[in-house]
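Good morning, and thank you for coming. Please look at the model on the screen while I speak.

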Amino acid sequence: MWAASCLASCCAACACEACRSVVGSISRRSARLAYCGLFALSLIVSWILREVAAPLMEKLPWINHFQQTPSREWFETDAVLRVSLGNFLFFTIFALIMIGVKNQKDPRDRLHHGGWWVKVVSWCLLVIFTFFLPNGVVSFYETISKFGSGMFLLVQVVLLLDFVHGWNDNWVKKDEQFWYIALFVVSLVCYVATFSFSGLLFHFFSPSGHDCGFNTSLIVITLIFVFLFTIVALHPTVSGSLLPASVISFYCMYLCYSGLASEPRDYECNGLHKHSKAVSTGSLTLGLLTTVLSVVYSAVRAGSSTTLVSSPSSPRAGTEKPLLPVNKMDEEENKKDEKRPVTYSYAFFHIIFSLASMYSAMLLTGWSTSVGESGKLVDVGWPSVWVRIITGWATAALYIWSLVAPILFPEREF
């Protein structure tokens with residue numbers, strides 16, 4: 001018994017020392033990566049509590065104050081929402097603190113990049129604090145999370161549009177035959193993949209012998225968008241390019257697939273249910289890992305982008321500081337010139353993580369409506385279907401607007 005106690009004490013001491021070393025090694029160059037790690041940790045904690053916290057929460061009187069105890073799925077959803085709320089409060093508070101930071105001489109610049117022990121402890125306290133809040137507060141947060149998630153998805157769409165237009169412009173500016181051929185090849189591959197993808201969707205989500213007009217309509221609408229993209233992009237007045245049109249076409253078809261794949265597993269028109277009726281721990285882990293990577297990438301890309309918002313003193317797009325600069329002289333230059341302007345908006349960076357916290361909570365809870373088997377899956381249920389489909393339609397609308405807006409408003413810069 002004494003030996004076990006000593007061993008446990010040694011392990012705890014080693015763990016604390018390891019955490020102290022990791023937190024102490026975070027510098028200006030790795031601060032954004034540290035925020036990503038903290039955000040990813042919140043998703044892992046949410047997933048773990050979704051699986052194990054329900055029996056404990058049933059015993060808390062300020063949570064389970066109902067005459068009849070709710071289902072286990074209700075407590076699982078509530079646990080995820082409370083962790084998400086703590087994460088949201090953490091990043092929102094930092095967003096408010098960082099409003100108006102223009103140069104590195106501002107004391108808040110050090111707060112943004114340093115003090116990680118205080119940040120980690122504050123994050124833990126906020127998450128714990130949310131489990132003492134009444135259910136009405138969590139219910140209100142659940143409602144606004146649906147709107148916040150929609151805003152986050154729109155940010156993803158804007159980033160994609162900016163990326164494909166920038167990609168096309170960079171290759172066209174080279175004005176060499178090789179890059180024109182590369183544009184054609186990539187566009188052709190995207191179109192072939194798009195139409196091949198649509199064929200698979202008809203096969204899996206509109207099986208013969210079933211009335212699947214809803215799924216068929218969604219696939220056909222997406223194909224109409226694909227043809228519309230090409231027609232508008234190649235119109236002489238627009239003078240567009242096939243590369244952005246092909247990439248957006250493939251992305252819209254992927255969103256259509258993602259929406260159809262999110263249909264409940266017992267829905268007769270979801271052909272994937274035959275292959276995924278039994279859900280393993282490995283598939284759940286893979287689904288969560290994919291969600292974490294996509295959300296973290298979008299948050300970092302958006303938070304550091306000058307396309308969506310620019311600090312008054314920040315450089316233009318194309319000169320933004322990378323996530324992890326490889327130049328080791330950056331820190332020395334920062335010490336020599338403390339008035340150096342910030343390279344991205346700190347406030348907007350934290351706002352994106354706040355929206356991503358809402359979005360990830362909706363994914364892990366099936367948009368707070370999952371019950372039964374769907375509640376054990378990541379991003380499954382009819383709300384998830386409509387979110388994906390509407391996101392695809394919004395992508396189509398924004399892409400067409402990006403083509404026609406310069407013609408409709410020639411005096412404005414887009």
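This is a predicted model: local features need pLDDT of at least 70, side-chain atom pairs count only at pLDDT 80 or more; totals for chains, interfaces and linings use all residues.

I begin with helix α10, residues 242-261, and helix α15, residues 382-408. Their axes lie 7 Å apart, and the packing angle is about 165 degrees. An angle over 145 degrees counts as roughly antiparallel, and α10 is therefore roughly antiparallel to α15. The crossing of α10 past α15 is left-handed. On the α10 side, the contact is formed by Pro244, Ala245, Ile248, Tyr251, Cys252, Leu255, Cys256, Ser258 and Gly259. On the α15 side, the contributing residues are Val385, Arg388, Ile389, Thr391, Gly392, Thr395, Ala396 and Tyr399. Sorted by class, this contact of α10 with α15 comprises 11 nonpolar, 5 polar and 1 charged residues.

I turn now to the other partner, helix α7, which spans residues 135-173. The axes of α7 and α15 come within 10 Å of each other and cross at roughly 40 degrees. The two helices, α7 and α15, are therefore oblique to each other. The crossing of α7 past α15 is right-handed. From α7, the residues in contact are Leu153, Leu154, Val157, Leu161 and His165. They meet Val387, Arg388, Thr391, Ala394, Thr395, Leu398, Tyr399, Ser402 and Leu403 of α15. By class, the contact of α7 with α15 has 9 nonpolar, 4 polar and 1 charged residues.

Let me move on to the cavities. I shall consider the second largest cavity, which holds about 60 Å³ of space.

Which helices each supply at least two residues of the lining of the second largest cavity? They are α9, residues 213-233, together with α10 and α15. The largest share of this lining, 4 residues, comes from α15. In terms of class, the lining residues divide into 6 nonpolar, 2 polar and 1 charged.

Finally, I would draw attention to Arg388.

Terms used: Residues are numbered from 1 along each chain as its sequence is written. Side-chain values use heavy atoms; hydrogens and water are left out. Axes are lines fitted to C-alpha atoms, for helices over the stretch in contact, and angles run from 0 to 180 degrees between N-to-C directions. Angles under 35 degrees count as roughly parallel, over 145 as roughly antiparallel, 65 to 115 as roughly perpendicular and the rest as oblique. A crossing is left-handed if the near helix is turned anticlockwise from the far one by less than a right angle, and right-handed if clockwise. Contact means heavy atoms within 4.5 Å. Ala, Val, Leu, Ile, Met, Phe, Trp, Tyr, Cys and Pro count as nonpolar, Asp, Glu, Lys and Arg as charged, and the others, Gly among them, as polar. On a 1 Å grid over the protein atoms alone, a cavity is a set of points where a 1.4 Å probe fits but cannot get out, and a pocket is an open set with protein on both sides within 12 Å along at least five of seven lines; lining residues have an atom within 4 Å of a point. Grid points are joined across faces, edges and corners, and a volume is the space filled by probe spheres set on the points.
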